[in-house]
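Subject: Structure handover

Hello,

Please find the structure below. My notes on it follow.

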Amino acid sequence: MLEAYPQNRLARIVLWSFAALVMAFLMLPTLVVVPLSFSASNLLEFPPHAYSLRWYENFFGSATWMAALRTSLILGTLTALIAVPFALLACISMNRLGGKTAASIQSILLTPSVTPGILLAIGLFFVLAAQRLVGTLFGVLVGHVVLAVPVACIVLLPALARFDWNQVQAARSLGADWARAIGGIIVPQLRLSLLSATLMAFLTSLDESVISIFVASGRNSTMPKLMFVSLRDQIDPTIAAISTLWTAIVVVVVVIVALRQKS
Amino acid sequence: MKSLPITIDSVSKAYGSYVALDDVSLDIQAGEFLTLLGPSGSGKTTLLMALAGFVRPDSGKLLLGDRDITRLAPNKRDIGIVFQNYALFPHMNVLANVAYPLALRKTPRAEARQRALATLARVKLDGLAERNVAALSGGQRQRVALARAIVFEPRVMLMDEPLSALDKNLRETMQYEIRRLHDDLGITTIYVTHDQREALIMSDRIAVMNSGRIQQIDTPQRIYDRPSTRFVAEFMGEANIVAPGSVRRIDGAEASGETLMIRAESFHLDAKLAGADAVALEGTLRAKAFRGENWLLTLALDGGQEVLVCIPAALAGGCAELAAGQRMTAYAPAAKVHAIPGATA
């Protein structure tokens, strides 16, 4: 888009300014919590009068928050480890089946990403309640995997569409069974897409709040759930410190993905 | 290397209402070089993929030696395949590509390396072992694909239009090299192509396919000179299919009552060159074209049918002076006139 105006200086300035404005509009609300988190005050005030790291100390010193952090990281990792292999196999079968069959499987698999989260959460709550799994880590994990599979599929499907399937046939004819053809030929060549899918699945779980609010409880509360609860019960800048850390984690993950894709 | 015969017994395959293979039976001898020749959609690649194990026949049997492989997994067939697009593994270098089947067979590393290098030498790729696949030319990739398909000493080799992506000169070189490799290894080879010249040059026998059926299976010479159907006659080269009434024996003998096939290059303009028992076709010259090694004349017979006459440039002294509309006669030796029972002109 930018290359379309190589000569026209004014047009370039307008375009860049507009782009900068959009970026600011998107990012400022997120960034505003950063100074708040370094405030010395007991209240959320902007701009802060004095600075301190007390809210970060508060966060790292709290057993409740640390348990939630641990739960979220475990959940995110497990979600990625389950959703990505599942999505890879699903995408391979859709790629091979083609036509209407693949299209129907795809629409079923992608449904959770377009269903309102609250509906999914209520539905999941009843299913888990019937199995006496409400409040367990497993219950939340199921919900997060359901949400992460479409995300991983969206990353992996186009990558597989570009993949030359003759290579798998060649590997099979040379003596590889299915597992070795997938592990030795497909996975190494899709490693960047698989890494993206893994990180996206991890982030999906890390960011998810609605299912966690419905299904997680007590020891198994996730970070987003605890953040919602603490916003309701006691507003202090700890939440800003956590938001800042959370944003930093997400930014790091996204930057890693972007850099890996570039190289 | 012990090669095996292949038996294809009444194999059929349909995709919905489209019949890809229609009751195909074929015996391929151990060590034979057989070509499946046909236009696209004739079923030749489907048949090859059924042998490879990637297409499961709806009915019929495939035997490798006396073993039924119809439902055997592709990785257990021990068949080397060269794909049209080579299907090399881009994340491995040349040596790793060639050693891949050996690694799968748990060949010790040193031995695998040595065998892979020896095979690379065999296909004239010495010195490129450490090269990245992406850095190779089309011809070199072709050779890597060949090396990878033979390094594990398969008992059968399948090749799916392996030369179609190469330019003409390289293609001709590779035709001879693949055939020489086959002769050295003595490996049963099934080769798929839609190029009739390639089939003629390379094969022990050719199976011409159309619409999922084998039209004729025979030696290249017999396929070319003695086609059993009109389709085979026309697919193999410039064929004229003429009604028995359009030709006249110059010795006055009675012509047979069947439809005749005469190849364009069988004709002479000089009756003496065609022999005493030649047949003559009379007509009007419609068009002429100089094609370098020969002249192509289009002759309109009195019945209206057009006949292609191809005269080698060396024998075509008078061709340049011929004018459209002129009456002329073309002569074909009796031995070059082939009856196709059941065909109509």
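Two strands count as paired if DSSP finds at least two bridges between them. Helices (H or I, at least four residues) and strands (E, at least two) are DSSP runs, numbered from the N terminus. This is a predicted model, in which local features need pLDDT of at least 70, side-chain atom pairs count only at pLDDT 80 or more, and totals for chains, interfaces and linings use all residues. Residues are numbered from 1 along each chain as its sequence is written, while chains are lettered from A and ligands numbered from 1 in the order in which they are written.

The sheet in chain B

B:Ala239 stands opposite B:Arg263 in β13(B). Strand β13 (residues 260–263) of chain B runs antiparallel to β11(B), and four bridges join the two. They belong to an open sheet of three strands, in the order β11-β13-β18 (chain B), with antiparallel pairing. At its edges are β11 (239–242) and β18 (338–339) of chain B, each pairing on one side only.

Confidence in chain A

The predictor's confidence in each residue is its pLDDT, from 0 to 100. Chain A averages 88, and 96% of its residues score at least 70. Within chain A, the lowest confidence is in helix α13 (residues 238–262), with a mean of 83, and the highest is in helix α8 (residues 166–173), at 95.

Helix packing in chain B

Axes are lines fitted to C-alpha atoms, for helices over the stretch in contact, and angles run from 0 to 180 degrees between N-to-C directions. The axes of α2(B) and helix α3 (residues 109–122) of chain B come within 9 Å and cross at roughly 125 degrees. This makes α2(B) oblique to α3(B); angles under 35 degrees count as roughly parallel, over 145 as roughly antiparallel, 65 to 115 as roughly perpendicular and the rest as oblique.

Residues are in contact if their C-beta atoms, placed from the backbone, lie within 7 Å. Among the residues of α2(B) that meet α3(B) are B:Leu95 and B:Val98. By class, this contact has eight nonpolar, one polar and two charged residues (Ala, Val, Leu, Ile, Met, Phe, Trp, Tyr, Cys and Pro count as nonpolar, Asp, Glu, Lys and Arg as charged, and the others, Gly among them, as polar).

Between the chains

In the interface, 18 residues of chain B are in contact with 15 residues of chain A. On the chain B side, α2(B) gives the most, with three residues.

Regards

Methods:
Contact = placed C-beta atoms within 7 Å.
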